[in-house]
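Please open the structure in your viewer and keep the selection panel at hand.

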Amino acid sequence: MAADTSTAPASLAFPRATFAKLTPGPFLHAHLKQSPPIRPSGRTLIECREPQITTGSLTHSHGSAVVRLGDTTVVCSAQGEILNASDTPSPPDADDGDLLETLGLLVPNVELSTGCSPAHLPGNPPSTLAQSLSWKVRTLLYGSDLVNPKDLQITFTAPKIDEEDDASVPEVKAYWTLYLDIMFISLDGNPFDAAWLAVMAALRTTRLPKASWDADTEAVVCSPALEDYSRLTLQATPVTATFAVFSTANPLKQRSEAESWVLADPDTSEEDVCREAVTVVLDGSNRVLGVEKAGGRAVGKESVRECVELTFGRWKDVNAMLP
Amino acid sequence: MQADRRRLNAPAGGTAPPVFASANTSPPRRRRKADEHRKIFLQTGIVPSAAGSAYYELPPDPATPPLTRKSSLKITCTVHGPRPLPRNAAFSPNLLLTTHVKYAPFATKTRRGYVRDSSERDLGLHLETALRGVVIGERWPKSAADVVITVLEGEDDGPAGAHSGDMGSGWGMLSVLAGCITVASAAIVDAGIDCVDLVSGGVAALVHDQSSEITTVLDPAPAEHVTRAACLVAYLQSRDEITEMWMKGDAGGDLGGLIESAVQSATLARTVLVEAVKDSTEARVAAMSPPELPSTDAASKGRPKDVVTTG
């Protein structure tokens with residue numbers, strides 16, 4: 001009997017969510033292979049998530065912001081405390097450009113172990129990711145000269161006692177120390193951009209009370225009147241943008257066969273399958289504060305230049321959105 | 001204080017919170033009736049990557065004058081699990097529930113640290129007692145579930161500047177724990193862990209009011225009055241059971257009355273909990289329904305598109 005022609009076996013068909021969990025790499029690749037390339041969340045390659053910024057919701061802080069970048073939610077609070085000049089190791093140089101860094105007056109800390117994602121459960125000391133995020137925020141805070149040291153100095157001018165005395169020079173008696181506590185409520189990729197946006201929004205809306213040195217009690221006393229609170233004068237507006245690079249490069253295949261795509265503002269599912277990342281930090285329409293690229297060799301000079309151009313466009317959008 | 005090696009620390013000399021020349025806010029007065037609960041805002045599903053999550057807030061009363069300090073409680077809860085225990089763990093016939101409560105450093109007037117102190121561990125233990133009575137553990141053998149609570153803003157402990165040392169301090173902790181119980185209950189149901197009932201937390205207090213008589217109030221805001229005694233219960237309404245009770249202070253002779261008031265406060269909180277759980281279930285059912293037919297390009301722009309993938 002002739003073999004009857006049987007129908008070809010039906011190929012496996014899974015719902016989207018199952019496929020995304022089983023093989024995240026080929027799932028993303030199948031989306032990017034289409035023309036025009038699209039991402040599983042429906043965004044185009046260069047489309048970033050629109051941030052939603054809410055400020056001033058925390059009662060006990062001098063400045064606070066809640067930023068939602070897609071499903072990533074982060075809270076940043078700026079609290080000021082007083083550091084007496086007598087408690088510093090040596091009297092600082094008045095012309096010291098690194099005054100803030102020498103004294104350590106800006107203290108950012110990124111806290112990821114809040115249960116924001118299944119990979120970040122509490123009970124452990126800060127992971128490598130949290131420590132490196134705190135350090136990156138700190139470097140950007142000091143390196144961009146964001147905060148004016150004059151805003152954080154509390155000076156005292158001794159009154160003239162005799163007529164012959166020279167006019168006394170204002171002496172710095174204490175400093176404001178700003179604690180920037182960044183807590184992640186929910187993490188869906190790109191923690192650095194979200195954290196920095198929250199820091200910028202919190203600093204822009206920080207109001208510090210008016211502090212003065214009381215010579216009798218030899219302590220700093222603040223004025224409780226709300227109209228005496230003053231904002232910080234920020235000297236820069238750094239904006240960051242992170243890009244993940246998805247590449248099909250394989251050591252077993254020819255390098256020329258590999259394709260790569262640069263994804264702006266990656267979420268967790270994309271970050272998990274991309275090994276390479278580019279971070280660009282800009283200030284204004286023409287100042288590049290930093291470019292960081294690590295993880296692979298799919299991205300070259302031209303791609304980094306395109307990323308910087310995209311970030312300039314993003315700077316305009318974010319600058320308009322910040323309070 | 002020992003420098004935390006893994007975090008960026010304060011300047012070496014140590015800092016102190018700002019001292020004000022005089023009180024900058026007038027003390028708030030309780031404007032609600034004695035048996036009225038503050039308006040609760042409860043929403044689930046705020047952390048999509050967790051199995052279940054909820055956010056609880058007691059928004060400040062918009063009618064308070066602007067210079068009065070407004071109290072507002074903000075708590076987030078995420079539930080991860082149930083997930084299997086590691087292979088080398090001992091067999092446990094019930095679900096292993098772990099609770100973790102942490103105040104954010106900016107949650108209270110004086111800044112807290114990042115490492116959990118004993119009061120936070122104590123709150124976690126009370127919360128676990130409250131939840132253990134309501135979760136059906138034997139349906140999840142050799143599994144663990146984590147309930148993680150972050151208190152973004154806590155309650156004040158007493159009226160500003162008052163001596164709270166006589167009657168004991170920490171009245172704010174009871175209100176925070178009541179909120180934690182309610183939000184954990186919503187998050188556990190959002191995670192799909194079986195429960196016998198919804199547990200809600202309620203607090204009642206014996207306070208000295210303006211005429212220095214002692215009255216019972218529900219849902220006390222400790223900043224509004226001088227508290228003499230307070231009681232917290234975690235209450236299951238449909239079974240009329242209490243899973244956790246915590247009493248502080250000197251209740252005098254009427255201990256049963258105070259507990260009854262706390263139960264009444266928990267019942268008021270339960271109505272909001274039921275609404276939130278209903279919304280959460282409706283959202284999940286809607287997400288499970290089949291996707292709509294493909295529509296025009298303009299309408300489907302930005303939505304996840306289906307691609308053909310073969311196994």
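The second largest cavity has a volume of about 70 Å³. A cavity is a set of points, on a 1 Å grid over the protein atoms alone, where a 1.4 Å probe fits but cannot get out; lining residues have an atom within 4 Å of a point. Grid points are joined across faces, edges and corners, and a volume is the space filled by probe spheres set on the points. This is a predicted model, in which local features need pLDDT of at least 70 and side-chain atom pairs count only at pLDDT 80 or more, while totals for chains, interfaces and linings use all residues; side-chain values use heavy atoms, with hydrogens and water left out. Residues are numbered from 1 along each chain as its sequence is written, and chains are lettered from A and ligands numbered from 1 in the order in which they are written.

Select B:His37, B:Tyr56, B:Ser175, B:Ala178 and B:Asp219, which lie nearest the centre of the second largest cavity among its 13 lining residues. Which element supplies the largest share of this lining? Helix 2 of chain B does, with four residues. Strand 2 (52-58) and strand 6 (199-208) of chain B, like helix 2 (171-191), each supply at least two. Helices (H or I, at least four residues) and strands (E, at least two) are DSSP runs, numbered from the N terminus. The lining comprises five nonpolar, six polar and two charged residues. Here Ala, Val, Leu, Ile, Met, Phe, Trp, Tyr, Cys and Pro count as nonpolar, Asp, Glu, Lys and Arg as charged, and the others, Gly among them, as polar.

Remain in chain B and select helix 3, residues 255-288. Its 34 residues should span 50 Å at 1.5 Å a residue, and the end C-alpha atoms are 49 Å apart, which agrees. The expected span is 1.5 Å times one less than the number of residues.

Next, select B:Pro82, which is found in strand 3 (residues 73-84) of chain B. The peptide bond to B:Pro82 from B:Gly81 is cis, with omega near 0°.

Turn to chain A for a further cis peptide bond, which joins A:Ser35 and A:Pro36 with omega about 0°. A:Pro36 lies in the loop between helix 2 (24-32) and strand 1 (51-55) of chain A. Then select A:Asp265, in the loop between strand 12 (260-264) and helix 6 (268-273) of chain A. Phi of A:Asp265 is near 55°, a positive value in a residue other than glycine.

The last stop is the largest cavity, which holds about 110 Å³ of space. Of its 14 lining residues, A:Asp193, A:Leu197, A:Thr240, A:Arg314 and A:Val318 are the closest to its centre. Helix 5 of chain A gives the most to the lining, with four residues. The lining of the largest cavity divides into nine nonpolar, two polar and three charged residues.

Technical notes. On a 1 Å grid over the protein atoms alone, a cavity is a set of points where a 1.4 Å probe fits but cannot get out, and a pocket is an open set with protein on both sides within 12 Å along at least five of seven lines; lining residues have an atom within 4 Å of a point.
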